[in-house]
Amino acid sequence: MYKNIEEITGKKACSSTGCLKAKNGDIIIDKERILERWAEYIEELFNDNRKEYDVMKRNFAGPPILKDEVRAAIRKMKSGKAIGPDKISVELIEALEDYGIEKKNLLNEIYDTGQIPTDLTKSIFIALSKKPGATECELHRTISPMSHVTKILLRIVMQRVRNKIKPQIAEEQCGFIEGKGTSNAIYNLRVLIERALEVQKDVYLCFIDYTKAFDRVRHDEIIMQLEQLNMDGKDFRIIKNIYWEQTAAMRVGNETSSFQRIKRGVRQGDSYTRL
């Protein structure tokens, strides 16, 4: 149905030209050089002078992960999603039933030690052009399929942390809060505007559009805020290690660029960006 609507309205999916611009403006056609350019772009976009934190000074408290927590996290996962570098899908874990749930021992080992397997910290970026014929890296948006096992672990950690930070959340917060979404904020704004029209008062709105807003979030600031919360040491360590150890590469066709360190930014939609 959507495909037919797009054909009728004349809308076409944006596609890349198969070439890319170098930093000096030259057009790159060679696949190997295109991969090198994407690796260079990722390194520059996510580079930052972040600090190293000695989390060993914290008290590593935290209850073990239970089967019910794993089941609840799996139920919240959406099916049909792209898999990460580990090639393990949530459908596979569901098909294993109790045997798959028993793999909570792996999650508990990660949770207790804070050591995350390399495959669980890797991401593969896929570039989607924002407009037809885009040749600049900046004119592409990236999606990054990540490990489903990592998503399950982070959903468990997210739920545990949320239970402790609820008193810190203001009533005005609408995003990422259960039972409160953007529709609530839109409704409040509409009521405010209608009341202002009734009494003939002006209303001034300011919309701020940050360039690469999610990609420029500083990890140091995130850690600083988390340290002020009453979190279990194990939860804090998992979140910190996820940020500090993650790497990413760009996939073009069937080939992948070299992996680069991600030193800033969060991915829109990830569980740990909703804390």
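1. A residue counts as buried when its relative accessible area is under 20%. Keep that cut-off in mind for Asn241: its relative accessibility is 9%, so Asn241 counts as buried. One caveat before going on: this is a predicted model.

2. Where does Asn241 sit? Asn241 is found in helix H11, which covers residues 233–245. Leaving aside residues up to four places away in sequence, Asn241 touches Gly114 and Ile116.

3. Now the cysteines. If you were wondering how many disulfides a search of the whole structure finds, the count is zero. A disulfide is, after all, a covalent bond between the sulfur atoms of two cysteines. Take Cys137: the closest cysteine sulfur belongs to Cys19 and lies 11 Å from that of Cys137, which is too far for a bond, given that a disulfide needs the two sulfur atoms within 2.5 Å.

4. Buried or exposed: what about Cys137 and Cys206? Cys137 has a relative accessible area of 1%, so Cys137 is buried. Cys206 comes out at 66% relative accessibility and therefore counts as exposed, the cut-off for that being over 50%.

5. Last, a helix pair. H3 (residues 67–76) packs with H8 (residues 148–165) at an angle of about 110°, and their axes are 9 Å apart. Angles of 65 to 115 degrees count as roughly perpendicular, so that is the label for H3 and H8. On the H3 side, Glu69, Val70, Ala73, Ile74 and Lys76 make the contact, meeting Ile152, Arg155, Ile156, Gln159 and Arg160 of H8. By type, the residues of this H3 and H8 contact are five nonpolar, four charged and one polar.

Technical notes: Residues numbered from 1 in each chain as written. Predicted model: local features only at pLDDT ≥ 70, side-chain atom pairs only at ≥ 80, totals over all residues. Heavy atoms only, no water. Axes fitted to C-alpha atoms, helices over the stretch in contact; angles between N-to-C directions. Helix = DSSP H or I, 4+ residues; strand = E, 2+ residues; numbered from the N terminus. Parallel < 35°, antiparallel > 145°, perpendicular 65-115°, else oblique. Contact = heavy atoms within 4.5 Å. Nonpolar A, V, L, I, M, F, W, Y, C, P; charged D, E, K, R; others polar. Buried < 20%, exposed > 50% of the residue type's maximum accessible area, 1.4 Å probe, protein only.
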